[in-house]
Amino acid sequence: MGEPMSDISLAVVDGARRMTYAELAAVRGISKHAAETLVRRRKWLKQIGNDGVVRVLVPPDEAPRRQRVTTNTDCDPPLSAPLIREVVGEAVGACIGPLTTQLERETIRAERAEYQLEAERQRVEDGRKRIDELQQRVDELHTDLADAVTAERIAAGEASALRAIVTGLRARPWWRRWFR
């Protein structure tokens with residue numbers, strides 16, 4: 001199909017290039033996600049084409065950065081695509097196994113934590129019910145105390161009245177008490 005950047009993309013203001021995220025990632029030797037982050041951070045202009053592909057206006061001094069050059073002549077020849085897929089597949093499989101085990105452990109821990117959280121919520125709810133019951137009992141005791149204080153005052157008043165009567169009776173001579 002040709003080069004990732006066509007000559008048409010060079011015909012932009014001040015030598016800037018219109019590049020897709022994939023083209024920018026390929027030119028700079030970074031991932032597509034890193035290219036998107038770079039575009040957001042640098043606030044480069046973006047445009048969505050009729051084909052739905054986003055193209056970014058990249059300044060000319062920014063596009064060819066970080067080209068990887070190998071200086072070691074003793075390097076192995078580049079790997080073929082099937083070999084890369086096989087090696088990557090093994091590496092991914094080797095990574096996924098421990099991650100799956102760790103995910104299972106964390107899931108079990110999360111379930112335990114949820115169970116403990118629910119138990120604590122139930123304890124809190126039971127505590128609140130107990131507090132409500134005790135508050136109701138305290139209110140009842142306050143009412144009983146108020147009734148007792150009122151009864152004591154009434155009894156004290158009646159006792160005082162009876163004392164007055166007894167005192168008045170003692171002041172009279174005995175024969176008047178008997179023969180009215």
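Before we start clicking, one term: two residues are in contact when they have heavy atoms within 4.5 Å of each other. This is a predicted model, so to speak of local features we need pLDDT of at least 70, and side-chain atom pairs count only at pLDDT 80 or more, while totals for chains, interfaces and linings use all residues. Residues are numbered from 1 along each chain as its sequence is written, and side-chain values use heavy atoms, with hydrogens and water left out.

**Stop 1: the whole chain.** Switch to cartoon view and you'll find 4 helices and 3 strands, in the order β-α-α-β-β-α-α along the sequence. Helices (H or I, at least four residues) and strands (E, at least two) are DSSP runs, numbered from the N terminus. Of the 180 residues, 12% are buried. Here, buried means under 20% relative accessible area, exposed means over 50%, and partly exposed is in between (1.4 Å probe, protein chains only).

**Stop 2: helix 1.** Select residues 21-28. Of these 8 residues, 6 are buried, so helix 1 is largely enclosed by the rest of the structure. The buried ones are Y21, E23, L24, A25, V27 and R28. What lies over them? Show strand 1 (17-20), helix 2 (32-42), strand 2 (46-48) and strand 3 (54-58), which are among the elements that cover them.

**Stop 3: the core.** Now pick M19, Y21, L24, A25, V27, A35, L38, V39, W44, V56 and V58: these 11 residues form the largest nonpolar core. Helix 1, helix 2 and strand 3 each supply at least two of its residues, and helix 1 gives the largest share, 4 residues. A nonpolar core is a set of buried Ala, Val, Leu, Ile, Met, Phe, Trp, Tyr and Cys residues joined through side-chain atoms within 4.5 Å. Stay with L24 for a moment. Which residues does L24 contact, leaving aside its neighbours within four places in sequence? They are M19, A35, L38, V39, W44 and V58.

**Stop 4: charged pairs.** There are 6 salt bridges in the structure, each a side-chain nitrogen of Lys or Arg within 4 Å of a carboxyl oxygen of Asp or Glu. Begin with D51 and R55, whose closest N and O atoms are 3.3 Å apart; R55 is partly exposed at 29%. Then move to helix 3 (residues 81-171), where R123 and E120 sit 3 residues apart, about one helical turn. An α-helix has 3.6 residues a turn, so residues three or four places apart point the same way. The closest N and O atoms of the R123–E120 bridge are 3.1 Å apart. R123 is exposed at 57% relative accessibility, whereas E120 is partly exposed at 40%. Further along helix 3, E133 and R130 are also 3 residues apart, and their salt bridge has its closest N and O atoms at 3.7 Å.

**Stop 5: a nonpolar patch.** Finish by selecting W174, W175, W178 and F179, which make a nonpolar surface patch of about 600 Å². Patches are made of residues with over 30% relative accessible area and no salt bridge: like charges are joined within 9 Å, nonpolar side chains (Val, Leu, Ile, Met, Phe, Trp, Tyr) within 5 Å. W175 is in helix 4 (residues 174-178), and W175 is partly exposed at 44% relative accessibility.

Note on methods:
Accessible areas come from the Shrake-Rupley method with a 1.4 Å probe; for residues, only the protein chains shown count as cover.
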